[in-house]
Amino acid sequence: MATTEFEHRLRGAALRVTKPRVAVLAAVRENPHADTDTIIQSVRSELDVSHQAVYDVLRALTTAGLLRRIQPTGSVARYEGRVGDNHHHVVCRSCGAIEDVDCAHGSAPCLTASDDHGYVIDEAEVVYWGLCPNCSTSSTTSRTP
C-alpha cells in the first residue's frame, strides 16, 4: 500500500518511479529525521545500490519537494517526509533526538512550542533546543545523591 502511495507522489512530482526512489521514501518514513547513513543502511538492506545512488535520490526528492532536508546546528543533515506545512523541530542537546513541533500561534508565534513532546525547552530559533524526556530524567537522576 505504501509503495502505491510513493509511486503516486513520485508521479505527481513529475519523477520516474524507480526502486531506489521508492526505497528512499520508505526508509525516510520508517526513520523520521534520519541521517544519510541510516537511510543508506535501510535502502541497502532492500536493494543493491551504491551510496552515491542514495545521495542522488535524496537530492532529487528534496529538490522535487517530496523530502525536506534539515540540519540543526552541530548535526549532520537529516531528512523527513513531512513537507508543505509550517512546522519546526525540537532537538535534544544531549542525545540529538529530533521531534516535529507544529508552528505556535498567538501574540508571539513560535516562541512557545505547541507540543514540547516532554522536552525541557531552553532556546528557540525555529529549532527548539532542550533535553528530551529520557535525557532530562537521567540528568535529574544523576544529580540525586
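**View 1. Burial in the predicted model.** Of the 145 residues of this predicted protein, 38% count as buried, that is, they have under 20% relative accessible area with a 1.4 Å probe, protein chains only. Residues are numbered from 1 along each chain as its sequence is written. In this predicted model, local features need pLDDT of at least 70, side-chain atom pairs count only at pLDDT 80 or more, and totals for chains, interfaces and linings use all residues, while side-chain values use heavy atoms, without hydrogens and water.

**View 2. The open sheet.** Three strands form an open sheet in the order β1-β3-β2, with antiparallel pairing. Because β1 (34–35) and β2 (68–70) stand at the edges, each with a single partner strand, one side of each is left without a neighbour in the sheet. Strands are DSSP runs (E, at least two residues), and two of them pair if DSSP finds at least two bridges between them.

**View 3. The pairing of β2 with β3.** Three antiparallel bridges connect β2 with strand β3 (residues 78–80). Arg69 has Tyr79 in β3 as its bridge partner.

**View 4. The lining of the largest pocket.** Among the residues that line the largest pocket are Thr3, Val22, Glu30, Ser42 and Leu47. A pocket is an open set of points on a 1 Å grid over the protein atoms alone, where a 1.4 Å probe fits, with protein on both sides within 12 Å along at least five of seven lines; lining residues have an atom within 4 Å of a point. Helix α2 (residues 19–30) gives the largest share of the lining, five residues; a helix is a DSSP run (H or I) of at least four residues.

Note on methods:
Buried means under 20% relative accessible area, exposed over 50%, partly exposed in between (1.4 Å probe, protein chains only).
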